[in-house]
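Work through the exercises below with the sequence and the model at hand. Each task is followed by its solution in steps.

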Amino acid sequence: QVGSLLRLDAKIHGTSPIDVYWLKDSAKIQQDSRCKMLTEDEVNTLMILEATADDSGSYECVAINKAGEARCQADVAIAGAKSGPAPKAQKAGSGKKAPEIVEKMKGQIVKEGQSAKFECVVSASPLCIATWKKNDQLIKQSKYFSMNSDSNGRYTLKITEAFPEDEATYKCILKNSAGQLTLEAPLKVIQPQQQGVPPSLS
């Protein structure tokens, strides 16, 4: 319910060290005064104080170690939220429409040397011009980075070979004459190591 404590638990097994993080609607959750992440024994807990309607969504716990990765997912709906029409992007003039999300960009986890692909779909008129950034550094087209778009509003960034130094938050900034939208998602690169016990979630 709105105003109550939201708590999600994930029990994790596997060879230490295990890197654990949480996602909401494919975006990495950062700790702040309202959002806490705790680990006790083998249980990793996400707590959100005084939940609001904006906290509804798809939550995912990701556990990674040298041997592999595991995920578990849960959908959360906050009861008591006020119902009403969703806010619409303001139109700037006749026939113009600011970019709106159709398909969000999802975080990627790949092994070292493999390719990685970020993709998103937006609805906009006229079509947007896309700018891609690694953290806050502008990405330029090269043999390592390939950026494409189509007439259906699909924008893609492909990393030919991903290495540990490519780990970052990747951003797609979409802009047209009616407005601007920024989407972002993390990249995690797993380095090959000696065999161990991969994490499991329960």
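**Exercise 1.** Find the sense in which strand S2 and strand S6 pair, and the bridge partner of leucine 23 in S6.

Solution. Strands are DSSP runs of E with at least two residues, and helices are runs of H or I with at least four residues, numbered from the N terminus. Two strands pair if DSSP finds at least two bridges between them. Step one: S2 covers residues 19-24 and S6 covers residues 57-65; six bridges connect them in the antiparallel sense. Step two: leucine 23 has glutamate 60 as its bridge partner in S6. Step three: both strands belong to an open sheet of four strands, ordered S3-S2-S6-S7, with antiparallel pairing. Step four: strand S3 (27-28) and strand S7 (68-76) are the edges; each has a single partner strand, so one side of each has no neighbour in the sheet.

The model is predicted: local features require pLDDT of at least 70, side-chain atom pairs count only at pLDDT 80 or more, and totals for chains, interfaces and linings use all residues. Residues are numbered from 1 along each chain as its sequence is written, and side-chain values use heavy atoms, with hydrogens and water left out.

**Exercise 2.** Which side chain meets glutamate 60 in a salt bridge, and how is each partner classed by accessibility?

Solution. A salt bridge requires a side-chain nitrogen of Lys or Arg within 4 Å of a carboxyl oxygen of Asp or Glu. Step one: the partner of glutamate 60 is arginine 71, at 3.2 Å from N to O. Step two: this pair links distant parts of the chain, with arginine 71 in strand S7 and glutamate 60 in strand S6, eleven residues apart. Step three: apply the accessibility classes, where buried is under 20% relative accessible area, exposed is over 50% and partly exposed is in between (1.4 Å probe, protein chains only). Arginine 71, with 33%, is partly exposed, while glutamate 60, with 19%, is buried. Step four: the salt-bridge rule gives a count of 14.

**Exercise 3.** Give the strand order of the open sheet of five strands and name its edges.

Solution. Step one: the order is S9-S16-S15-S11-S12, and the pairing is mixed. Step two: the edges are strand S9 (108-111) and strand S12 (137-138); each has a single partner strand, so one side of each lacks a neighbour in the sheet. Step three: S9 and strand S16 (residues 179-190) run parallel and are joined by four bridges. Isoleucine 109 has lysine 188 as its bridge partner in S16.

**Exercise 4.** Trace the pairing from strand S8 to S10, and from S10 to S14.

Solution. Step one: strand S8 (residues 97-103) and strand S10 (residues 116-125) run antiparallel, joined by four bridges. Glutamate 100 is opposite serine 123 in S10. Step two: S10 and S14 also run antiparallel, with six bridges between them. Cysteine 120 has tyrosine 155 in S14 as its bridge partner. Arginine 154 is partly exposed at 30%, and glutamate 103 is partly exposed at 31%.

**Exercise 5.** How are the rings of phenylalanine 118 and tyrosine 170 arranged?

Solution. Rings of Phe, Tyr and Trp (its six-membered ring) pair if their centres lie within 6.5 Å; planes under 30 degrees apart are stacked, over 60 edge-to-face, and the rest tilted. Step two: the ring centres of phenylalanine 118 and tyrosine 170 are 5.1 Å apart and the planes are at 25 degrees, so the pair is stacked. Step three: phenylalanine 118 is in strand S10 and tyrosine 170 in strand S15, 52 residues apart. Step four: phenylalanine 118 is buried at 0% relative accessibility, and tyrosine 170 is buried at 0% as well.

**Exercise 6.** Where does aspartate 166 lie, and what does it contact?

Solution. Step one: aspartate 166 is in the loop between strand S14 (154-159) and strand S15 (168-176). Step two: at 9% relative accessibility, aspartate 166 is buried. Step three: contact means heavy atoms within 4.5 Å. Leaving aside neighbours within four places in sequence, aspartate 166 contacts Lys134, Phe145, Ile159, Glu161 and Leu187. Step four: aspartate 166 forms a salt bridge with lysine 134, the closest N and O atoms being 3.9 Å apart. Lysine 134 is in strand S11 (residues 129-134) and aspartate 166 in the loop between S14 and S15, so the pair ties together parts 32 residues apart in sequence.
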